[in-house]
Amino acid sequence: MPDLMPEFESDTLIVNGVTTTADGRRFAVVQPQQAGQPEVVEITSDSARPYPDSRWNGWRDGQDGHAAFVGVNSLRVGPDGGLWAVDRGKPGIEGRLVAGGPKLVRIDPAADQVTRIYDLSSVAQGESFVDDVRFNGGHAYFTDAGRPGLIVLDLATGHARRVLDGHPSTVAARPLKAEGRLLIDATGRPIVIHADQLEVSHDGRWLYYQPCSGPMSRIETRFLDNPSMVDNVLADHVEAYADTPSTGGTAIDAGGTIYVSDTDRSRILKISPDGRISTLLADPRLAWVDAMWISDDGKLWLPAAQLNRIPGLNHGENAVRRPITVYSIALGLKPVKR
């Protein structure tokens with residue numbers, strides 16, 4: 001097994017997701033822990049600059065969120081080469097949604113400019129926490145970790161709709177654990193994160209998804225893409241797939257293997273296309289590996305975000321051990337272009 005390779009370290013930024021372009025540029029999503037920290041950055045070996053600019057990373061309390069990042073939760077280079085950011089629309093886990101906050105933002109890396117904004121306010125309301133996105137042809141799929149369900153977006157028209165609202169496959173029914181401890185907020189309440197991770201198969205047939213605490217389910221995308229299919233019928237097509245543990249992030253390769261970070265045991269697991277689970281590697285440095293990424297050069301990128309150690313998820317206590325490190329491991333993988 002190849003060694004873990006540190007790709008980026010920061011003493012100040014909690015980096016919980018990384019993505020790369022075909023020509024090797026690297027971008028990351030940040031979970032700010034103090035005022036003035038950016039939401040999205042472009043990273044080099046020793047620096048991180050707000051991306052696409054300071055204005056988009058300059059939202060402050062009291063402002064609307066139509067043209068600034070309020071709380072970016074995930075970031076990825078899409079099949080079209082664009083950089084796509086999911087804005088949950090509120091600055092932290094708790095709190096109210098900001099007007100214009102929930103959105104999907106496309107950035108053109110060649111021009112370093114925002115080219116389209118999809119407003120998700122019609123489907124992200126109340127307790128919503130729009131979490132992550134994957135693409136499949138003309139559709140984008142999202143998980144809602146706060147108001148459990150999935151969101152399907154028509155990329156051409158911008159029309160979004162909710163599906164599988166409150167379905168057991170989207171609801172967190174297990175305790176969320178990391179490094180042998182339950183995740184507890186500053187008030188003593190257990191942390192609950194509903195529908196979170198998702199992946200689309202290489203052929204676009206399946207959407208795999210799960211609450212943060214598992215297990216993983218799947219459904220054929222042809223059913224999700226059909227706007228006339230009501231939830232009680234759609235629910236009949238949900239299949240149990242893999243008994244996954246508490247998870248920080250996932251990735252899928254072109255062969256159909258899904259990589260899952262086991263936050264409780266600091267491991268990376270592999271789920272074969274037939275649903276069997278095995279251990280790829282285990283290392284105490286892999287504390288809450290979040291949104292993983294498979295790059296064009298065959299590396300699996302592992303941002304060890306230590307989110308379970310930040311005050312909001314750790315009884316109000318800060319146990320983060322600096323630096324925060326993004327690792328990679330060279331496995332010769334082929335990415336799925338979705």
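Strands are DSSP runs of E of at least two residues, numbered from the N terminus. The structure described here is a predicted model.

The largest nonpolar core contains 24 residues, of which Val15, Phe69, Leu75 and Leu83 touch the most other members. Six strands are listed as giving two or more residues to this core: S2 (15-20), S3 (26-30), S4 (40-43), S6 (72-77), S7 (83-87) and S8 (103-108). The largest share, 4 residues, comes from S3. Beyond residues up to four places away in sequence, Leu75 touches Thr19, Phe27, Ala28, Val29, Val40, Leu83, Trp84 and Ala85.

Ser74 also lies in strand S6. With a relative accessible area of 4%, Ser74 falls under the 20% limit and is therefore buried. Leaving aside neighbours within four places in sequence, Ser74 is in contact with Val29, Trp84, Ala85, Val86, Asp131, Asp132 and Val133. The side chains of Ser74 and Asp132 are joined by a polar contact of 3.1 Å. Between the C-alpha atoms of Ser74 and Leu104, which stand 30 residues apart along the chain, the separation is 9.9 Å.

The model has 1 cavity of 30 Å³ or more. The space in the largest cavity is about 60 Å³. The residues lining this cavity are Val18, Ser74, Leu75, Arg76, Asp132, Arg134, Ala291, Met292 and Trp293. Strands S6 and S10 (130-136) are the elements that give two or more residues to the lining, and S6 provides the largest share, 3 residues. By class, the lining divides into 5 nonpolar, 1 polar and 3 charged residues. Ser74 and Asp132, both in this lining, are the pair whose side chains make the polar contact of 3.1 Å.

The largest pocket holds about 920 Å³ of space. Its lining consists of 46 residues, and Gly92, Ile93, Phe129, Ile193 and Leu313 lie nearest the centre of the pocket. Two or more lining residues come from each of S2, S6, S10, S16 (195-200) and S20 (247-252). Strand S20 gives the most, with 4 residues. The lining is made up of 18 nonpolar, 17 polar and 11 charged residues.

In the second largest pocket there is about 290 Å³ of space. This pocket is lined by 22 residues, with Arg76, Val77, Trp293, Val336 and Lys337 lying nearest its centre. At least two residues of the lining are supplied by each of S6, S16, S20 and S24 (293-294). Strand S20 gives the most to this lining, with 3 residues. The residues of the lining comprise 11 nonpolar, 5 polar and 6 charged. Arg76 and Trp293, named among those nearest the centre of this pocket, are also among the residues that line the largest cavity.

A further position, Thr221, is placed in helix H1 (residues 221-224). Thr221 is buried because its relative accessible area, 5%, is under 20%. Residues up to four places away in sequence not being counted, Thr221 touches Asn136, Tyr141, Gly204, Arg205, Trp206 and Leu207.

Terms used: Residues numbered from 1 in each chain as written. Predicted model: local features only at pLDDT ≥ 70, side-chain atom pairs only at ≥ 80, totals over all residues. Heavy atoms only, no water. Buried < 20%, exposed > 50% of the residue type's maximum accessible area, 1.4 Å probe, protein only. Contact = heavy atoms within 4.5 Å. Core = buried A, V, L, I, M, F, W, Y, C linked by side-chain atoms within 4.5 Å. 1 Å grid on protein atoms, 1.4 Å probe; cavity = no way out; pocket = protein on both sides within 12 Å on 5 of 7 lines; lining within 4 Å. Points joined across faces, edges and corners; volume = space filled by probe spheres on them. Nonpolar A, V, L, I, M, F, W, Y, C, P; charged D, E, K, R; others polar. Polar contact = N/O pair within 3.5 Å; in protein donor to acceptor, adjacent residues only side chain to side chain.
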